[in-house]
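Here is a short briefing on one protein chain. Look over the sequence and the model first, then read the points below.

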Amino acid sequence: MGKKVIQISDVHFGDSTFSDGLKSNLLAQLEDGNPDLLIFAGDLTASGYAHEYEQALEFVDELKSITKTHIIPGNHDARNVGLVHFENMISERKFVHTDKSSNFTIIGLDSSEADVSHGQIGYDQLDWLKSELAKIPEDRAKVVTFHHHIIPIPQTGRERNILLDSGDLMHVLTENGVDFVLNGHKHVPNVWMLNNMVVLNSGTPTTKRLRGNICSSYNELQINDGEVFVNLVKTETGSKRQIAHYLVELRDESFVIHSYTHNSIHKV
């Protein structure tokens with residue numbers, strides 16, 4: 001059975017470049033697209049203030065009226081003791097979602113740190129992650145999401161905000177056979193394949209905090225029997241461009257990505 005999963009991040013309610021028009025476009029596109037699941041990879045707000053969370057909560061309620069939605073915090077959400085509002089108004093800061101019909105499990109982590117742009121998973125969450133990954137059958141796709149990027153992204157300038165414990169996290173992900181990692185943070189969409197693990201970043205769908213020629217956008221994953229398609233969706237127009245295609249199979253009772261195609265996002 002095919003499933004459509006939406007990956008968004010970095011909406012930034014309260015930011016000076018936030019666009020109500022782009023927000024309306026996004027909600028209309030999601031309504032028309034009828035996704036099965038939406039993963040929000042952090043930064044609902046600009047500064048973590050209560051009034052920003054109140055605006056974000058209305059948006060979250062609209063998302064939940066469209067589809068099943070999971071949300072994790074980003075670094076902006078953790079500013080000004082903002083995680084108090086996140087937990088009171090939005091959701092818990094980590095989650096586990098299993099879809100048995102399409103044979104995948106998604107684990108969400110909180111990589112935010114109070115009042116700084118960089119992030120960290122931390123030993124407690126790493127131990128929890130290892131425990132949760134050990135529960136997932138080998139024939140099921142393993143997906144992990146958190147806000148900060150785990151490896152550098154092209155066209156984002158000087159590298160300053162990567163996870164402080166990215167090496168430890170990368171070790172846990174690869175040793176436990178994680179297939180897909182979903183991130184946000186840099187406002188630049190990108191896809192890498194590393195150690196047979198896909199690392200997929202989403203852009204910002206509702207702001208003009210954009211680098212170079214990058215447009216406001218989000219990602220759409222179409223999961224079918226034997227393959228996964230990833231489309232980059234432009235919020236302004238709703239137009240889609242395929243940026244990745246994966247062929248998957250069960251090999252010795254294990255889920256395996258056995259070939260892939262990446263289409264260029266960046267011009268060097």
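**Briefing**

Threonine 98 has threonine 105 as its bridge partner in E5. This is a predicted model: local features need pLDDT of at least 70, side-chain atom pairs count only at pLDDT 80 or more, and totals for chains, interfaces and linings use all residues. Residues are numbered from 1 along each chain as its sequence is written, and side-chain values use heavy atoms, with hydrogens and water left out. Helices (H or I, at least four residues) and strands (E, at least two) are DSSP runs, numbered from the N terminus. Two strands pair if DSSP finds at least two bridges between them.

**Strand E5 and its partners**

- Strand E4 (residues 95-99) pairs with E5 in the antiparallel sense, over five bridges.
- E4 and E5 form a hairpin with four residues between them. Asparagine 103 in the turn has a positive phi of about 65°.
- Strand E5 (residues 104-108) is mostly covered, with five of its five residues buried. Buried means under 20% relative accessible area, exposed over 50%, and partly exposed in between (1.4 Å probe, protein chains only).
- Phe104, Ile106 and Gly108 lie on one side of E5, Thr105 and Ile107 on the other.
- E5 runs parallel to strand E6 (residues 141-145), and five bridges join them. Isoleucine 106 has valine 143 as its bridge partner in E6.
- E5, H4 and E6 make a right-handed β-α-β unit. A crossover is right-handed if, with the strands pointing away from the viewer, the path from the first strand over the helix to the second runs clockwise.

**Helix pair H4 and H5**

- The axes of helix H4 (residues 123-134) and helix H5 (residues 166-175) come within 10 Å and cross at roughly 10°. That makes H4 roughly parallel to H5. Angles under 35 degrees count as roughly parallel, over 145 as roughly antiparallel, 65 to 115 as roughly perpendicular and the rest as oblique.
- Axes are lines fitted to C-alpha atoms, for helices over the stretch in contact; angles run from 0 to 180 degrees between N-to-C directions.
- Leu126, Leu129, Lys130 and Leu133 in H4 meet Asp168, Leu169, Val172 and Leu173 in H5. Contact means heavy atoms within 4.5 Å.
- The residues of this contact are six nonpolar, no polar and two charged. Ala, Val, Leu, Ile, Met, Phe, Trp, Tyr, Cys and Pro count as nonpolar, Asp, Glu, Lys and Arg as charged, and the others, Gly among them, as polar.

**The seven-stranded sheet**

- Seven strands form an open sheet with mixed pairing, in the order E3-E2-E1-E10-E11-E12-E13.
- Strand E3 (68-72) and strand E13 (254-262) are the edge strands, and each pairs on one side only.
- Neighbouring strands of this sheet are turned by 20° against each other on average, direction ignored.
- Helix H2 (residues 50-66) lies across strand E1 (3-8), strand E2 (37-41) and E3, running at about 145° to E3.

**Strand E1**

- Six of the six residues of E1 are buried. Lys3, Val5 and Gln7 point one way; Lys4, Ile6 and Ile8 point the other way.
- E1 and E10 run antiparallel and are joined by five bridges. Lysine 4 stands opposite glutamine 222 in E10.
- E1 and E2 run parallel and are joined by four bridges. Valine 5 stands opposite leucine 37 in E2.
- From E1 the chain crosses through helix H1 (residues 20-33) to E2, and this β-α-β crossover is right-handed.

**Valine 228**

- Valine 228 is in strand E11. Valine 228 counts as buried because its relative accessibility is 5%.
- Valine 228 touches Phe180, Gln222, Ile223, Ala244, His245 and Tyr246, not counting residues up to four places away in sequence.
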